[in-house]
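Here's a quick tour of a protein chain for anyone just starting out with structures. Keep the picture open while you read, and find each piece as it comes up.

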Amino acid sequence: MIIRELPEHMKTGPIVPDDMMTYRLSLEDIIKSYHTAEKNGCAEGITDSWKSAAYSLTNHNLKYDIMEFQKSLLEYISQSLMTADETIAVAESVTSGCLQLAFSQMPNASMFYKGGLTTYTMQEKVRLLQVDAHEAEECDCVSENIAETMALHVGRLFESDWAIATTGYCTPIRNSLYKIYAYFSFAYKGEIVLTKKLELHPKTQSLNAQLYYTEFILGCFKSEINQLLVLK
């Protein structure tokens with residue numbers, strides 16, 4: 001049932017977008033489908049189809065301009081944060097500054113975006129974000145709890161309402177069991193509100209993986225802040 005949530009062109013065969021707009025609409029469809037599956041408690045049911053679609057979208061000679069994040073997504077997040085009169089900070093590892101770049105590209109960014117940190121090594125995560133060194137060594141700094149710790153502490157460091165953190169792999173290596181995946185976490189007013197694992201096809205190119213993580217996380221953040229505005 002959940003697989004039927006995906007657009008027809010994503011169900012079988014390679015996806016070769018004709019242009020960037022096609023890619024962005026497809027990416028938005030994937031995000032919506034994944035959230036629909038999660039709400040129904042059966043996100044695992046679309047895992048294989050979803051990863052195949054993501055791989056196809058990111059590996060068919062797609063010329064992705066790093067400065068060209070989805071404009072409507074950036075504008076929506078910007079307007080939502082300003083409407084709520086709230087701020088955000090970011091701690092990144094696997095995305096290595098891509099989220100910070102995206103927030104800096106949002107309209108009126110200085111009104112809500114406080115800043116961020118890129119802590120790529122274990123030592124910097126321990127030193128700057130109070131990640132436990134023993135835990136970090138055991139999981140290679142990649143786990144649900146590491147992402148949550150990063151989110152909580154970057155929020156405290158910048159005194160922001162919201163915080164986003166990422167950690168994971170953009171290339172398949174021994175420590176990742178030759179898989180490509182990441183954890184991301186959202187904190188709101190000092191509490192974790194969402195933590196998820198995002199896995200991509202193991203042949204996804206590293207830069208494409210970082211950019212895909214970034215837009216997917218922004219899409220999820222859009223959903224979170226939208227829920228908050230509805231509740232308000």
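In helix H8, the buried residues are Ile146, Ala147, Glu148, Thr149, Met150, Ala151, His153, Val154 and Gly155. Bear in mind that you're looking at a predicted model.

**Helix H8 and what surrounds it**

- H8 is 15 residues long and covers 22 Å from its first C-alpha to its last, close to the 21 Å expected at 1.5 Å a residue.
- What do the buried residues of H8 pack against? They pack against E1, helix H6 (122-129), H7, E3, E4 and E5.
- Glutamate 148, one of the buried residues of H8, is 48 residues away from lysine 196 in sequence, yet their C-alpha atoms are 10.0 Å apart in space.
- Lysine 196 itself sits in strand E5 and is partly exposed, with a relative accessible area of 29%.

- Serine 143 is in the loop between helix H7 (133-139) and helix H8 (144-158).
- Is serine 143 buried or exposed? Serine 143 is buried, because its relative accessible area is 13% and the cut-off for buried is under 20%.
- A polar atom of the serine 143 side chain lies 3.1 Å from the backbone nitrogen of isoleucine 146.
- Setting aside residues up to four places away in sequence, serine 143 touches Glu135, Thr167 and Tyr183.
- At the other end, H8 is followed by glutamate 159, which lies in the loop between H8 and E3.
- Glutamate 159 counts as exposed, because its relative accessibility is 64% and exposed means over 50%.

**Backbone angles to look out for**

- Glutamate 159 has a positive phi, near 55 degrees, and is not a glycine.
- Tyrosine 178 isn't a glycine either, and its phi is positive at about 60 degrees.
- You'll find tyrosine 178 in the loop between E3 and E4, and it is exposed, with a relative accessible area of 51%.
- Aspartate 85, which follows H4, has a positive phi near 55 degrees as well.

**Helix H4, one face in**

- H4 (residues 71-84) has 14 residues and reaches 20 Å from first C-alpha to last, close to the 20 Å expected at 1.5 Å a residue.
- Which residues of H4 are buried? They are Leu73, Leu74, Ile77, Ser78, Ser80, Leu81 and Ala84.
- Looking down the axis of H4, you'd see these buried residues fall within an arc of 165 degrees, so they line one face of the helix.
- Here's the background: an α-helix has 3.6 residues a turn, so residues three or four places apart point the same way.
- Over on the other side of H4, Lys71 and Thr83 are exposed.
- The cover over the buried residues of H4 includes strand E1 (88-92), helix H5 (98-104), strand E3 (162-168) and helix H9 (206-231).

**The nonpolar cores**

- The largest nonpolar core is made of 35 residues, and the ones with the most contacts inside it are Leu81, Ile88, Phe103, Tyr213, Leu218 and Phe221.
- At least two residues of this core come from each of H4, E1, H5, E3, strand E4 (180-188), strand E5 (191-200) and H9.
- H9 gives the largest share of this core, ten residues.
- What does leucine 218 contact, leaving aside neighbours within four places in sequence? Leucine 218 is in contact with Leu73, Leu74, Ile77, Leu99, Ala102, Phe103 and Met106.
- Another core, of 13 residues, lies apart from the largest one, and its members include Ala91, Val131, Ala151 and Val154.

**Stepping back to the whole chain**

- The chain has nine helices and five strands.
- Read along the sequence, their pattern goes α-α-α-α-β-α-β-α-α-α-β-β-β-α.
- The chain has 232 residues, and 53% of them count as buried.
- Among the contacts with a separation of 6 or more, 68% join residues 24 or more positions apart.

Methods
Residues are numbered from 1 along each chain as its sequence is written. This is a predicted model: local features need pLDDT of at least 70, side-chain atom pairs count only at pLDDT 80 or more; totals for chains, interfaces and linings use all residues. Side-chain values use heavy atoms; hydrogens and water are left out. Helices (H or I, at least four residues) and strands (E, at least two) are DSSP runs, numbered from the N terminus. The expected span of a helix is 1.5 Å times one less than its number of residues. Buried means under 20% relative accessible area, exposed over 50%, partly exposed in between (1.4 Å probe, protein chains only). The arc is that of the directions from the helix axis to the C-beta atoms. Contact means heavy atoms within 4.5 Å. A nonpolar core is a set of buried Ala, Val, Leu, Ile, Met, Phe, Trp, Tyr and Cys residues joined through side-chain atoms within 4.5 Å. A polar contact is a pair of N or O atoms within 3.5 Å; within protein, one must be able to donate a hydrogen and the other to accept it, and residues adjacent in sequence count only if both atoms are side-chain atoms.
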